[in-house]
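User: I am new to this structure. Please take me through one part of it closely.

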Amino acid sequence: MGEGGPTDPTYDPAAVSHRALREIRRELERHPAVAHAQGFPPDSHARVEGRLDPSPFGVDVDSATLTVRWFAGETPDDPPEFSIHYSDERGVDFGWHHEPNPHVEGWGHYQERTDSTAEYAYEPHSFSTSVPSRVIWETLSLLQDAVSTVDH
């Protein structure tokens with residue numbers, strides 16, 4: 001295989017993942033419900049955390065976060081593995097994942113629990129793309145409905 005193939009010696013999955021997470025951080029900063037987004041660790045992001053202003057979602061909480069993890073895959077041909085998780089001070093925690101999971105068939109799923117002591121409920125979910133910036137906007141559009149349906 002040559003450059004760009006599964007055995008490409010120039011492919012660095014950590015660097016590709018970091019670039020994807022920087023792109024995700026920039027996209028999060030553009031959304032009106034995201035007060036601040038930061039990558040951790042700062043030099044080589046393994047995750048991005050967004051501090052949310054929940055008021056655009058109509059939720060009466062003081063704080064909420066969105067945590068995004070993205071791994072580009074061991075080879076350029078591997079599908080990315082990622083998760084986008086919302087949590088707030090009520091103990092509400094849900095997210096969209098694209099990774100192997102024993103609770104659903106396929107890679108894409110949505111998981112939700114309405115308090116920190118509850119078990120997650122799972123359902124399959126399909127993403128329309130695996131482009132980091134598009135995945136984030138697709139998920140942010142789903143976030144409004146998901147947050148507003150949680151009863152507390």
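Which strands does α1 lie across, and at about what angle does α1 run to β3?

Analyst: This is a predicted model, where local features need pLDDT of at least 70, side-chain atom pairs count only at pLDDT 80 or more, and totals for chains, interfaces and linings use all residues. Residues are numbered from 1 along each chain as its sequence is written, and side-chain values use heavy atoms, with hydrogens and water left out.

α1 lies across β1, β2 and β3 and runs at about 150° to β3. Angles run from 0 to 180 degrees between N-to-C directions, with axes fitted to C-alpha atoms, for helices over the stretch in contact. Helices (H or I, at least four residues) and strands (E, at least two) are DSSP runs, numbered from the N terminus.

The sheet is open and has seven strands, in the order β1-β2-β3-β4-β5-β6-β7, with antiparallel pairing. Pairing needs at least two DSSP bridges between two strands. β1 (34-40) and β7 are the edge strands. The twist averages 15° from one strand to the next. β2 (residues 47-52) and β3 (residues 64-71) share six bridges. Arg 51 stands opposite Thr 65 in β3.

α2 packs on the sheet too. α2 touches β2, β3, β4 (81-88), β5 (93-98) and β6; contact means heavy atoms within 4.5 Å.

The helices also meet. α1 (residues 13-30) and α2 (residues 132-148) pack at about 40°, their axes 8 Å apart. That makes α1 oblique to α2 (angles under 35 degrees count as roughly parallel, over 145 as roughly antiparallel, 65 to 115 as roughly perpendicular, the rest as oblique). Ala 20, Ile 24 and Leu 28 of α1 are among the contact residues, as are Ile 136 and Trp 137 of α2.
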